[in-house]
Amino acid sequence: MNLPISTSSAFFLDLYARYQRDPYSVPADWRVYLEGLNDNERSISDLSQRLIEAYRVHGHLEAKLDPLGLNLPIGVDRLDRLRKEIEGQAERRLTLTVGVPRTMTMGVLASELARIYSGSSALEASHVEDEMMRDWLYDIYEKTFAESASADLVSRALESIALADTFEDFIRMKFPSKKRFGVEGAESSIVFLRELLRIACLAGVGETTIGGMHRGRLATLATVLDKPVGLLLAEIKGRDLTNGGADFTGDVPYHLGYAGELIRGDRRMKVTISPHPSHLMTVAPVVTGLARAKRAGCVGDVLCLLLHTDAAFAGQGLTSEVLQLGGLVGYQVGGTIHLVVNNQIGFTTTVSEGRSSRYCTDIGKSTGVPVIHVNGDDPLAVMRAAEVALAWRRHTSRDILIDLVCYRRNGHNELDEPSFTQPRVSAIIKGRPSLRESFAAEIASEYPDARSQADAAAAEFRAAMQRGYEAIESLRPNDDSNRPIAWANIRRADSADLLLPVATGVAIEQLREIGAATCTLPADIVAHPKVAQFYQKRLETILSGHGINFATAEALAFATLLAEGVPVRLSGQDTVRGTFTQRHLAVHDMQTDRRFLPLGVAAARGISFEPVNSPLSEYAILGFEYGHSLADPHQLTVWEAQFGDFLNGAQIVVDQFIVSAEAKWEMMSGLVVQLPHGLEGQGPDHSSAKIERLLQLAAGSNIIIANPSTPANLFHLLRRQVVAPWRKPLFMIAPKSLLRQKNCASDLAEMGAGTGFRPIIAEEDKADCSRVILCSGKIYYDLMAMRAALGREKDVALVSIEQLHPFPVAELSAVLGRHQKAECIWCQEEPENQGAQSHILELLRQDKRTHGRIVKAISRPRLPVAAGGSIERHEIEQQQLVRRALDQSVGPDRHEGSGATRLAGEAHRTVCQESTGLDGQLGE
């Protein structure tokens, strides 16, 4: 059947398929045309359509993707049947677009489809739900892979391979005992990256942010990102070329990041590859968050590029979380290109041991991400995959996956022996020529100049490496040479700096003006009556200047920053309304569901306020927000756990980035992590921010841990994150029950001009007291109430420690100095083995200014959980605990009373401990 060119596209094939399902689903003129086709024409057209669809859906199963030839393609019954049908009609001609519009026989069609979809590359896109996008992808894939290779394309491919080969050979010779996680066996990953970034740069992409992996990291830095080879070689040798201080640890060279610029033609593009830990997938959400933040301030597009290995991509649950983010409004980055370097093994773990899916990329199908599989030994196909990937991303702003099937010529690293566990595969690999040799031989006759050009480029590169190697010892430490321009005026801070006061207050009239504006709802918004009442009461407290609660203080902190030109982003599970119905940052129209953000009214022109309800994830979301905080110090990024306990779901991000990135990589962040905390009889999973874990991770000036007990202090903490001349991650132990505690309120004057965060809140009128009780958090209010009930206001002073790290020892010493004869007690509601108790007692024991004081500790007994789940039991325990802190004498624990007032045995008694003098011995 000969069809006119106008009917020979994917559009016609789709139209004809719809006509076959329902003739009345197509326009009337097309229906008349299609009805006029004779039976024979219909048969041929139907057969060609079925063949194309079959290859599009099943062709990947027959593709020759494994360069080692061990994982053989499987036959597909449907394709076999269709090929048999064609046998008798192979010479029938038709006009179709498969690659380019042309007239071809059925036999040629079958051959072309097999080459494009079942050759050394394959496309999986049938799971893409959007029909128009899916057909567009089939069309661009077919056109791109049907094109003949140009001499320039071939030369670029061979040059990339030659550079990678030269780099690894040089490093192997100069540093034979170093781990480098070389790219040998996956040289085509360098081909992909060089081609992708070349096309992106020429297309006007302003910046590319990259999250990488160990495999090929050093070669990528040298041959793709143009990192100065002398500096790279010095790092490989082990030289420290930073100006890191006493807290600086550094990291191995294949973990380090780099920021530079690529020049292709007359275009320039910034490139940033983030440092990463050995938890390979952890860097993915970090870089995604960084890309989103950079998109706000970049001239031109920002490309997010993530590099993975097959074992990590298939094995880590974080992969699913990251892929989910790609389609969510609050986390979109314009589409991420994922390159999965498929080694077909994870360390020593085989595919059959490492995953249950056919492909390492199958998890992407769950979120509708298309996948291009490509044989790593076909560098031309790899380059075409790069072209298609970028085209898809630009056309749809959606993610795409590249499964680059390759192998490792060495073991997991160069000091590993792969034949111990995979002897047969190792023997096959050792018998193979390098990709540089095999590809050069393959193209020699058709492209005779390509090899000489690649060899010349490789020789020049090798000479540059030799010069760099010879100059290693002459290199001197640089002063933040890779520091982003936005961070130029942010200075590094030590613990002493973090304890200096920062004026974060705002003029009271300005607070009232901003507060009034952000509490006034538009007339065309029909708010829920309780929400309208919420804003009315908030307005009344702001105008009166009294009774400011935590939620209002937080809103004022956000609003004043927005008014000062500081973008604010808050994300987490249900954060927009607030887990405890305390925020209502978005007001929903009860009739239309239209959403209005009252705080947005305060924002200066062009400044964004972005409150986001996150998916039910902590790991990826915290990583994303941390990455977002890295882009610009003049923004506020806040992540809130639904309950503080839920931070344990993101502990890897905390360990590998938030608390350690400045020490390892000199990366600063002002991220705020809000962790609702407080024992209220709500069970072990909704009570604790695991303060003890955070304090264990605190060292020097790496992080700030604060437990504000007043709304004013929360206001100042949030503003300090941006106003201060330094940036540190802040772990804020956030309130729960205090959100509605009537006594927990501040005056507007406490947030006025000249005010700031108070690391210690101490009573000034208790000079003659007999006891000083140190505490932190909401127990302050329980102690205050019990003190009043017992009539001990005059002789018991309460001191609330609002910042746990860096600890304000000097300020506490001054407070205790006013009470030289008073007994000193630490009281917490957390169990003895949790909370801040051990940290506080050790600090007081060690510091010369306080070690002479006897400090007794009152807490719950050691428990394997954070809290109990009985409200009645909790309230009894809490009453007894604060009573013991206020008793005339604190001795061995005694239980009095019976029935409901008596605690059930040893497991639920309140513990009183003593730390005496310098010995620090604890006991009942």
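Helices (H or I, at least four residues) and strands (E, at least two) are DSSP runs, numbered from the N terminus. The model is predicted, so local features need pLDDT of at least 70 and side-chain atom pairs pLDDT 80 or more, while totals for chains, interfaces and linings use all residues. Residues are numbered from 1 along each chain as its sequence is written, and side-chain values use heavy atoms, without hydrogens and water.

An open sheet of mixed pairing is formed by 7 strands in the order S16-S13-S17-S18-S20-S19-S24; strands pair if DSSP finds at least two bridges between them. Strands S16 and S24 stand at the edges, each with a single partner strand, so one side of each is left without a neighbour in the sheet. S17 and S18 pair in the parallel sense over 3 bridges, and Val 638 has Val 672 in S18 as its bridge partner.

| Strand | Residues |
|---|---|
| S16 | 609-613 |
| S17 | 636-640 |
| S18 | 672-676 |
| S24 | 803-805 |

Ile 372 lies in strand S11 (residues 371-375). Ile 372 counts as buried because its relative accessibility is 0%; buried means under 20% relative accessible area, exposed over 50% and partly exposed in between (1.4 Å probe, protein chains only). Beyond neighbours within four places in sequence, the contacts of Ile 372 include Ala 122, Tyr 141, Val 388 and Asp 403, contact meaning heavy atoms within 4.5 Å. Tyr 117 is 255 residues from Ile 372 in sequence, yet their C-alpha atoms are 10.0 Å apart.
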